[in-house]
Amino acid sequence: MAYRIQVDGRDTEVEIRARRPLLRLRIGDAEHTLQAAEACGQQFTLVLDGVSHRGWRCASGDDLQVRLNGRTYTVHLVRRQRAAGTNEGQEEIRASMPGVVVAVHASAGQAVNTGDGLLTLESMKLQMTIVASHAGVVAQVHVVPEAVFERGALLVSFARQEGSAE
Amino acid sequence: MLKRVLIANRGEIACRIMRTLERMGIESVAVYHHEDRAAPHVRMATAAVQLQAEVPTAAYLDQGQLVEVARRSGADGVHPGYGFLSENAAFAERVADAGLTFIGPDAATIRLMGDKIRSRDFAAEHGVPVAPSVIAEDAARFAARALEIGFPLLIKAAAGGGGKGMRIVRSAAELAGNLATAAAEAQRYFGDGRIYAERYIEQPRHIEVQVLGDRHGNVVHLFERECSLQRRYQKIVEESPAPNLPEQVRAAMCAAAVRLARAARYCNAGTVEFVLAADGAFYFLEMNTRLQVEHPVTECVLGLDLVAEQLRIAAGEPLSVRQEALQVRGHAIECRVCAEEPEHDFRPATGRIGVLQLPQGPGVRFDGGIRVGQAVTPAFDSMLAKLVAHGSTRAEAAARLATALADLALLGVPTNIDYLRRVVMHPQFLAGQLHTGFLAQHAVALRPVESPAEAAAAAVAALLAEPAFHQVAFAVPEPYATIGPWNN
């Protein structure tokens, strides 16, 4: 699954491609391998793609400032689910990469709470559970177990809630 | 000498003054608003007294309370710092009337220099060049005077404000037509056809001369400072000496500043500000009757402590230096570290300081008054600290400053640190091609350069600080791997 972040105001996606033997991440269009990471208070060291970085990090409002090689990056973690390409009156979850459905945990009309599991998917030999990012009512589950889907496929849609801005 | 000095200020300048007081064996009294109760200037002082005021800035502007606190705390002197009451003649008077020593010039001098028109006339009377200008109703006489001023010429409605009806005339041939149009416009917009003209200065530089005068009639200049780099009409990078300044212009400016200070019987530290045209002509802007924010660059190149000189002068002692003995050594550049967002038109920012790591290294000076945990609020000025680098050459000072800016970690609030680093590394800055429009002219080149590998490392560093991500990446068994509320 992909996670949305902003680095210096620029939207980008981060996706865990592999966790072992080393953490492999896709950030935007590039793949990166994390060889080591250590933190001591606000100071950190990490080795990414063979390059060692030392720096400081600190919360600044809703953002995280990361000071690296004499430059401060502002990273914003987009926590709330965004309804990218929302259909009329609904919020939805789309696949950020191709994969196969392992299990379906929710059904149409079901009320779910934040963190409730909706689907278990497998992509690139990595299984992940898709959870509800906020409380709501499932309008429809668009996939069944064993279903193969492409990137961008509609997986789950929610009934729109009153007063929901996003 | 004074024994106990109250500092009617806060932040970095209060701390700066206290360092000198401590070195000279003089006690310090800090004042503070409730919001500043844990500020470094409060902790550094021999004694600290809280001021009562609803609005934080009002506390530091409450003359009656400050004088009363000074008296009750046993202070024999009051240092106003810069900003707040530093150029307030009434305050200087009240301090003196209370039998205390005001560390600055006397009230009459502050009053004279604080009045734009009187100070300009005073400067002109004493042979200090002022920008030539003319205002007239009679078109023929006006044209003759305008020709004397020379080109380019800025003409505008005498009654107008802002940029309305303003035009730049570049030759005598264009003058008559422009005057007629401007007069007609002025009549139409403002109901007043009078036209005002002044010498138009393209790419002006802002250069100032530091002076010191004592009660014994001695006046010296401490050479010049270049203060052309400004945003929102405020300086952000200053240096001494001014780069690419012809020696005869420097000498003429310094002589004019001394002439003005002598004529005013100036007593204490002051700064004469000039605007410099590309052809070497310079004109008096104003005189600041206080210590300047950028005074450290002068201290670095002369090996002087300006606050110590101020204290000596205020105590009636003669200057510790003679003009002939003053020699500029190397070059010093200062930049003002502000809580602001250069990418968003330098809008002031707020937050809480969470990381503060100061740069080390030869020739580096950090003048701050901030601490970890301190809230940066909209209550006060956005300047947090000053970073100064001194080197044997301008190139060395600039390189040291760039390194120091890279090494400075001040997190928890957006700052202009990285922007300042790009400024002092810009080729035109390094070439000394400075003017007041520099930052606007090079705005595009001063934007951050994309660095995808570094941005990725920053993203990873940020993600690893997020417990939910950390857990998914390293701890949770595969089938349950999910990122809690943090999914998309």
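Student: Which residue is the bridge partner of B:V364 in β22(B)?
Tutor: That is B:A389. This is a predicted model, so keep that in mind throughout.

Student: How many bridges pair β20(B) with β22(B), and in which sense?
Tutor: There are 5 bridges between β20(B) and β22(B), residues 383-391, and the pairing is antiparallel.

Student: What is the strand order of the open sheet in chain B?
Tutor: The order is β14-β13-β10-β11-β12-β15-β22-β20, which makes an open sheet of 8 strands with antiparallel pairing. At the edges stand β14 (282-288) and β20 (364-368) of chain B; each has a single partner strand, so one side of each has no neighbour in the sheet. From one strand to the next, the twist averages 25 degrees.

Student: Which helices pack on the sheet?
Tutor: Helix α11 of chain B, residues 295-302, packs on the sheet and touches β10, β11, β12, β15, β20 and β22 of chain B. The direction of α11 makes about 155 degrees with that of β15(B). Helix α12 of chain B, residues 306-314, packs there too, touching β10 and β13 of chain B, and its direction makes about 125 degrees with that of β13(B).

Student: Switching to chain A. Which strands close into a barrel there?
Tutor: The barrel has 8 strands in the order β1-β2-β3-β4-β5-β6-β7-β8, with antiparallel pairing. Neighbouring strands of this sheet are turned by 40 degrees against each other on average, with direction ignored.

Student: How many bridges join β1 to β8 in chain A?
Tutor: 3 bridges join β1 (residues 2-7) to β8 (residues 71-77), and the two strands run antiparallel. A:I5 stands opposite A:L77 in β8(A).

Student: What does the contact between the chains look like? How many residues of chain B are in contact with chain A?
Tutor: 42 residues of chain B are in contact with 54 residues of chain A. On the chain B side, α17(B) gives the largest share, 13 residues. That side divides into 28 nonpolar, 8 polar and 6 charged residues.

Student: Back to chain B. What are its domains?
Tutor: The domain assignment gives domain 1 (4-103), domain 2 (132-199) and domain 3 (205-441). The C-alpha centres of domain 2 and domain 3 of chain B are 36 Å apart.

Student: Where does the largest nonpolar core lie, and why there?
Tutor: The largest nonpolar core has 119 residues, and those with the most contacts inside it are B:L6, B:L401 and B:V424. Domain 1 (4-103) and domain 3 (205-441) of chain B both give residues to this core, so it lies between them. There is also a second, separate core of 30 residues, which includes A:L64, B:A455, B:A459 and B:L464.

Student: Which residues of α5 in chain B are buried?
Tutor: In α5(B), residues 89-97, the buried residues are B:A89, B:F91, B:A92, B:R94 and B:V95. They pack against α4, β4, β5 and α6 of chain B. Just after α5(B), B:G99 takes a positive phi of about 85 degrees.

Student: Last one. Is B:K116 buried or exposed?
Tutor: B:K116 is exposed, because 10 other C-beta atoms lie within 10 Å and the cut-off for exposed is 12 or fewer. B:K116 lies in helix α7 of chain B, residues 116-125. The C-alpha atoms of B:K116 and B:E286 are separated by 7.2 Å, although the two residues are 170 residues apart along the chain.

Key
Residues numbered from 1 in each chain as written. Chains lettered and ligands numbered in written order. Predicted model: local features only at pLDDT ≥ 70, side-chain atom pairs only at ≥ 80, totals over all residues. Contact = placed C-beta atoms within 7 Å. Helix = DSSP H or I, 4+ residues; strand = E, 2+ residues; numbered from the N terminus. Nonpolar A, V, L, I, M, F, W, Y, C, P; charged D, E, K, R; others polar. Domains from an automatic or database assignment. Pairing = 2+ DSSP bridges. Axes fitted to C-alpha atoms, helices over the stretch in contact; angles between N-to-C directions. Core = buried A, V, L, I, M, F, W, Y, C linked by C-beta atoms within 7 Å. Buried ≥ 20, exposed ≤ 12 C-beta atoms within 10 Å, placed from the backbone.
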